[in-house]
Amino acid sequence: MNRFRFLLSISLFLLMTTALTGVGLSAHQGGTSTAKPPVKIHAGEPAPALELEKLLQAPAGAKTDWPSLKGNVVVLEFWATWCAPCIAAIPHLNELAEQFKDKPVKFISITEEDEATITSFLNHRTIKGWVGLDLDSSVFEAYLGKIALIPRTVIVDQQGKVVSVSSPSAEPLTAEQLNQILEGKVALPTLGKTIEEAKQTPLSPAKVGKEAASTQSPRLGIMTSSSGSEEEKEPVETDPPQLGVTIRPSKSSGGQQVNWGPGKYRASGATLKTLLRDLCSINDLRIDVPAQLQSLRYDINATVKDGKIPVVKQLVLHSLETALSIKVQRVTREVEVYVLTAPGQLTGNLKPSQAPASEGSKAGSARGALTGKNTEIKSLARGIEDVLKLHVIDETNLQGRYNWDMLYDTKNPQSVIEAVRKELGLELKLTRRAIEMLTVEVN
């Protein structure tokens, strides 16, 4: 049997009667959304209408139709409170807004979230410029399509024509660019990208699974990786099997992508560590993968008719062990860790979520920001681990689900310790503890 291609086909009954032993899995809602192809806007074309339901932080009577905005360079920032790269981009945009406050430049941050959520966010986080509420998602869809990565920056010139579309994480807007547009030195459409081209821009390392982005919303934070190779698409099956798993070496040179939900699991260009992190709900730092397996990537296509998520993930895990001739097991080791506690009163940046669990959870990290919406504190601990590169144990005893957003100094990862204290009201203490690790042994 080809060790890199493992095809299993047995009855669903046999799968459902198999005891879930070994590596434990957590049940999380997940999956992908299907939608029409995104609307493309091109440099040089008239910008779509800005039909926003409400404007916050704008002068009385302010309008966002293009005749009213004519003569201004308009910077449109598409964002969300749960999107870590969106939050990380705010300080830079604020600096530009302050720098150009006396020039004909308008900054409008556009979100699909409700007014109560945005007002609460603005109580502790400053956004300079107008904030537009796109409650029916019409503006998002006109500019980005029904499925798109955020944050996205769209620049419109004084005549209402699109100048460029970019990612503020990969290509931050500069004062020089704005000055060139103001001075009429930009010859359209040579500057900028279409939305589709911007989506193909290499992004930051992948954050996959439920921690990457909302599975309840079609918007994806930029921490989600770019899609994998198109060369390895599975053939369309007219009569799909009751159960099937295919594992192949990946030809993808792009980012890693993992999507899953009831009855399905798909991975493209994923490393073994990424897969184990997702399948076993454990942080990278706690996974020990042999050196010879660390750089290898895999494409996985798994289907279980009517299978629940823990069953699907367990099947994929056992398939990996069989196909790669490895054994995955949990062990306990004593190591240096940070302990996260809640000794005092929580601040405005960390508060209990009022949303039901059925709305799904979002937690993300980007250089300079950590965010969470309707999710458990353990997700915050994992985000802090990613920054400090040291294990973090959650001993806050905070039950239920929370919302948070936090900024820290990217030049000094240790600044996250002070940010946790000041912005969230939590404490981090360095000590030693016995913690659970995941090890991979080659048979």
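Which side chain does Asp-278 meet in a salt bridge? The partner is Lys-313, with N and O 4.0 Å apart. A salt bridge here is a side-chain nitrogen of Lys or Arg within 4 Å of a carboxyl oxygen of Asp or Glu.

## About the model

This is a predicted model, where local features need pLDDT of at least 70, side-chain atom pairs count only at pLDDT 80 or more, and totals for chains, interfaces and linings use all residues. Residues are numbered from 1 along each chain as its sequence is written, and side-chain values use heavy atoms, with hydrogens and water left out.

## H8 and H9

Back to that pair: Asp-278 sits in helix H8 and Lys-313 in helix H9, so the bridge ties together parts 35 residues apart in sequence. (Helices are DSSP runs of H or I, at least four residues, and strands are E runs of at least two, numbered from the N terminus.) Asp-278 has 7% relative accessibility, so it counts as buried, and Lys-313, at 2%, is buried as well. Buried means under 20% relative accessible area, exposed means over 50%, and partly exposed is in between (1.4 Å probe, protein chains only).

The axes of H8 (residues 272-280) and H9 (residues 309-324) come within 9 Å and cross at roughly 150 degrees. Axes are lines fitted to C-alpha atoms, for helices over the stretch in contact, and angles run from 0 to 180 degrees between N-to-C directions. H8 and H9 are therefore roughly antiparallel, a label for angles over 145 degrees.

## H10 and H11

Now for another helix pair. H10 (residues 377-388) and H11 (residues 415-424) pack at about 150 degrees, with axes 11 Å apart. So these two are roughly antiparallel to each other. Leu-380, Ile-384, Val-387 and Leu-388 of H10 touch Val-416, Ile-417, Val-420 and Leu-424 of H11, where contact means heavy atoms within 4.5 Å.

By the salt-bridge rule, the count comes to 18. One of them joins Arg-330 and Glu-436 (3.1 Å, N to O). Arg-330 belongs to strand E14 and Glu-436 to strand E20, 106 residues apart. Arg-330 is partly exposed at 28% relative accessible area, and Glu-436 is partly exposed at 40%.

Glu-418 is partly exposed at 33%, while Lys-422 is exposed at 61%. Salt bridges with shared partners join Glu-418, Arg-421, Lys-422 and Glu-427 into one network.

How values were computed. Parallel < 35°, antiparallel > 145°, perpendicular 65-115°, else oblique.
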